[in-house]
Amino acid sequence: MTEVAHPEQRRSERTVFGHPIGLVNLFGVELWERFSYYGMLTILGYYLYYSLADGGLGIEKATATGIVGAYGGLVYLSTVLGGWIADRLLGMERTVFYGGAVVMAGHIALAVLPGLLGVGVGLVLVALGSGALKANASSLLGTLYDKGDARADGGFTLFYLGINLGAFIGPLITGVLQDEIGFHWGFGAAAVGMALGLTQYVIFRRNLGAHGRTVPNPLPRDQIAKVVGFVAAVIVVIAVAMATGLLTLSNLSWVTTGVIAVASVIYFAVMLTNSKVTPIERTRVRAFIPLFVANAVFWSLFQQVFTVLAVYSDERMNWTIFGWTAPANWVGSEEPVWIITLSPLFAIMWTRLGNRAPSTPRKFAFGVIGMGSAFLLFVLLAGYEGKTVPALLVFFILCGFAISELLLSPIGLAVTTQLAPEAFRAQMMALYFFSVGLGTAMSGVLSGFYHPDAEVAYFGITGLIAIAVGIVVYFLAPRVSQLMEGVH
């Protein structure tokens, strides 16, 4: 176990607001990656189901939202590839850079290639690049803090502020471009955003020092052929599934959910049985299992901002502002406003509380309960007829989303780096993103059950289930804390 840095070591460390200076670089690259990702994602569903006359592809609405959910799940599924590349081939720092370059190429493909060809090529590239960048940027940030460093939660919360600045600005710009000029201009703006992120990353790369430069578990040369064969086999299986009709656009979210669930079980089994994982590390991995489940449930509701709530915004919300009608995709920018406002307060709170703060399992429980409660509030809006739900009321409901997210998501990023076995640091972060991906794919599955005429049942049942899961995690918290072996 890594020792906590001595106070004298801390004094010689270059810091910004009491945190390692490398946080600034990772804050910036994640901000611009999220600008491009959410800017694209909030208009993707509309691009898929709007008619050809409106600039879209005319795909059936339930299929379109299912594709959005499945795509989000595949982004997080690809984090395992990004984690593997970092652990076995490039190291975390270089994988972040190359991942950003692939993301930019994907957005360019969406902007310039027509129809489903652009969607297919663009989304595959963005998924692969985002998977590489996301898992490793978060893991790289974790290496800046020693195990047990009370600053970690505050640092990850500030990092989360960068994520949400990008998530706030991206949809505002792409939505206006989509409305005024066309979808492809919105996708082009996402490519420009990623280019800005890569530029600042290169300029300030030196702030990271030697962190993330080493390859912890290098791939032996004699295993390269096996890896190439495995990748080729996966491509063949996908091609056969599509050719035979086992995998279609309409069932993509269901298949993605199943694949991520099976892959998660396999990944836990690999880490729990690997000889390079020590007994104490194995116990910490076991502690991560209930947190994994709670996280998946949380994100299955939260990610409906881009599936169910995207349709809700388009068909049920009144976006008229002083006589001007704002783009429906601006619903994707409402929740980040609260995150930007509240993140500094949460960062200060966690830093000052230190080890007196609620344990991580308790934070997870409160986050899931809060998310379910926020979803229940949509039941109160079911009485509005047609496209009359005030955007301001939804804005206040999304405050509940934000508080719940701050209780769970940055804390999840931080605890994953603390619980990770040394031989699986980046891949443990990929496993965390598996839980996010599982929830995201489930949001696509759940979107198939939504209908404006059944809003009370839909929001009521999903909200109550989430609250029940949160209550279970709350009562399991003492046992989970015990298994975490000293990680608060």
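**Notebook: contacts, core and rings**

I started at Leu309: leaving aside neighbours within four places in sequence, Leu309 is in contact (heavy atoms within 4.5 Å) with Gln304, Val331, Phe378, Phe401 and Phe459. This is a predicted model, where local features need pLDDT of at least 70, side-chain atom pairs count only at pLDDT 80 or more, and totals for chains, interfaces and linings use all residues. Residues are numbered from 1 along each chain as its sequence is written, and side-chain values use heavy atoms, with hydrogens and water left out.

I placed Leu309 in helix 12 (residues 308–315); helices are DSSP runs of H or I, at least four residues, numbered from the N terminus. Leu309 counts as buried because its relative accessibility is 2%; buried means under 20% relative accessible area, with a 1.4 Å probe and protein chains only.

Next I looked at the largest nonpolar core, which has 135 residues. Such a core is a set of buried Ala, Val, Leu, Ile, Met, Phe, Trp, Tyr and Cys residues joined through side-chain atoms within 4.5 Å. Among the residues that touch the most other members are Phe378, Phe401, Leu431 and Phe459. Helix 15 (residues 391–419) gives the most to this core, 16 residues. I also checked Leu431, and not counting residues up to four places away in sequence, it touches Ser264, Tyr267, Phe268, Met271, Phe288 and Phe292.

Then the rings: I found 36 aromatic pairs in the structure. Rings of Phe, Tyr and Trp (its six-membered ring) pair if their centres lie within 6.5 Å; planes under 30 degrees apart are stacked, over 60 edge-to-face, the rest tilted. Tyr47 and Phe187 are edge-to-face, because their planes stand at 80 degrees, with centres 5.3 Å apart. Tyr47 is in helix 2 and Phe187 in helix 8 (residues 183–203), so this pair ties together parts 140 residues apart in sequence. Phe187 is buried, at a relative accessible area of 0%. Phe268 and Phe292 also form an edge-to-face pair, 5.4 Å centre to centre and 80 degrees between the planes. Phe268 sits in helix 10 (residues 252–273) and Phe292 in helix 11 (residues 279–302), so the pair ties together parts 24 residues apart in sequence.

I noted one aromatic cluster too, with Phe378, Phe401 and Phe459 among its members.

Last, I went to Arg34 in helix 2 (residues 22–49). Arg34 counts as buried because its relative accessibility is 0%. Not counting residues up to four places away in sequence, Arg34 touches several residues, including Tyr76, Ser130 and Lys134.

Note on methods. Helices (H or I, at least four residues) and strands (E, at least two) are DSSP runs, numbered from the N terminus. Buried means under 20% relative accessible area, exposed over 50%, partly exposed in between (1.4 Å probe, protein chains only).
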